[in-house]
Amino acid sequence: MLTQAPRGTYDLFGSDIRTWQMIEKEVYTLMEEYRFQEIRTPIFEHTELFQRGVGDTTDIVQKEMYTFLDKGGRSITLKPEGTAGAARAYLERRLFADAQPTKLFYLTPCFRYEKPQAGRDRQFYQFGCELYGAGGYMADAEVISIAYSLLTRLGISNVTLHINSLGGPQCRKAYNQKLAEYFMDNREKLCPTCQERLNKNPLRILDCKSPVCQEVVKDAPSTIDNLGTECREHFDNLTKQLTELEIPFVIDSGIVRGLDYYTRTVFEFVCNDIGAQGTICGGGRYDGLIEELGGDPTPAVGFAIGIGRLIMAMEAIRGKTVWKEEADLYIGHIGDSAGKTASRLAFLLRSKGFRVETDLMGRSVKAQMKYANKIGARFTLILGDTEISQKEAVLKNMADGSTMQVQFEDLEALGAAIR
Ligand code: HAM
């Protein structure tokens, strides 16, 4: 137990963490270009936020949340996703009072008590974007283009964008009735959870993972065939705009999403190379959420990408990236006085931006050189008593073996030699 991480969690280190950092760097660059601002909300929120936001008939709320009472007796939940917390902050921090639209992004851990398998973890990480205040299809296109750009820049070409529309509250009402009637006729074939959902939220049945329900769902009426004029126009304009942006997509009436807040546009980027959990990115419009949480009616649209699945898709194409670790300089030393000088030199060179290591283990010179090799040092400098008294030492270029004498106290000269 003590040396075993909880099921569905993992440690990130070595080459893997370098890949994550590279992706995070891409995200920050992209977000600068699109002018989205980062938001960091707490890891936990009041449970009610997710019950109201994500929806209490969803799998997430019914089965997957990490919920506990804190010492004050309040019900607290570890965030299962990023949208509800960002929406809460939008209201609480009065971001609606700023120039609209408000454009936020986050990189956050999320927690869901799911059955772990490849691409499905209990702690996972999302990069998400949320855009508030713009109700037109152009906002949908802008948000989709962000996800598309990130995937393209990372060379992830093995994904397909699936889009659908769930309609707004008006068309949903009529559709829900039609759907409920269909499921009512097939009631006995549904799983017990869905029999219950039938009365509360028949749309959720479309998303049920149970094979018996999926069999019934196959012939259910689809949202896209039941849109009112305005929702239809919104959807058609969006598909035209995506075509204009040369973002390939397929219309897929099977995309219903597992969260309750969606209205109109929903979309997913799906990869077929990474097993059963192929949805890398999910998102859509959610024009009712801000009002549901107590704000004024405010249109919103966003998505989240699971970083773990993103990397799986990337690695399915180009294999695992092995990052070569490298230092600019390794300063070896023998003797007390040389050790102190080495430490001071390393300190000063680092402040000039050089990547420097020196011995902290009291190793022999031979073992120090072995270590320098291991960490990929480009240059080595060895200091002993003679070097200290003469203020001169041998700098070795590890790539070609060439050496030169350097006056190591002259930091400008030393810096220039190892640049
Ligand atoms: P979601 O589809 O539940 O949507 O999750 C988004 C992405 O998070 C998934 O496509 C997947 O890559 C990743 N993900 C979800 N669950 C797991 C898991 N157990 N293990 C690993 N990765 C996982 C949302 O969370 C919405 N908040 C997205 C959104 C933002 N819609 C509007 N704005």
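Predicted model: local features only at pLDDT ≥ 70, side-chain atom pairs only at ≥ 80, totals over all residues.

I began with Arg94, which lies in the loop between α4 and β5. Most residues other than glycine have a negative phi.

The peptide bond joining Gln100 and Pro101 is cis, with omega at about 5 degrees. Most peptide bonds are trans.

Then I went to Arg257, in the loop between β8 (250-251) and β9 (265-271). Arg257 is not a glycine either, and its phi is positive, about 70 degrees. Is Arg257 buried or exposed? I got a relative accessible area of 11%, so Arg257 is buried.

**Rings**

Next I looked up aromatic pairs, and the structure holds 13 of them. One of them is Tyr66 with Tyr113: the ring centres are 5.8 Å apart and the planes meet at 75 degrees, so I noted the pair as edge-to-face. This pair links distant parts of the chain, 47 residues apart. Tyr66 is in the loop between α3 (59-64) and β3 (67-69), while Tyr113 is in the loop between β5 (102-111) and β6 (123-132). I have Tyr66 as partly exposed at 28% relative accessibility, and Tyr113 as partly exposed at 44%.

I also paired Tyr90 with Phe96, again edge-to-face, at 6.0 Å centre to centre with 70 degrees between the planes. Tyr90 is buried at 1% relative accessibility, whereas Phe96 is partly exposed at 33%.

What sits over the ring of Tyr113? I found the charged end of Arg122 there, 3.9 Å from the ring centre. I also wrote down one aromatic cluster, formed by Tyr28, Phe105, Phe127 and Phe303.

**Two helices**

Last, I looked at how α1 (residues 14-34) packs with α5 (residues 137-153): the angle is about 145 degrees and the axes are 11 Å apart. The crossing of α1 past α5 is right-handed. On the α1 side I listed contact residues including Val27, Leu30 and Met31, and they meet a set in α5 that includes Ile146, Leu150 and Arg153. Sorting the residues of this contact, I got 6 nonpolar, 2 polar and 4 charged.

Key. Residues numbered from 1 in each chain as written. Heavy atoms only, no water. Phe/Tyr/Trp six-rings, centres within 6.5 Å; stacked < 30°, edge-to-face > 60°. Helix = DSSP H or I, 4+ residues; strand = E, 2+ residues; numbered from the N terminus. Buried < 20%, exposed > 50% of the residue type's maximum accessible area, 1.4 Å probe, protein only. Lys NZ or Arg CZ within 6 Å of the ring centre and 35° of its normal. Axes fitted to C-alpha atoms, helices over the stretch in contact; angles between N-to-C directions. Left-handed = near helix turned anticlockwise from the far one by under 90°. Contact = heavy atoms within 4.5 Å. Nonpolar A, V, L, I, M, F, W, Y, C, P; charged D, E, K, R; others polar.
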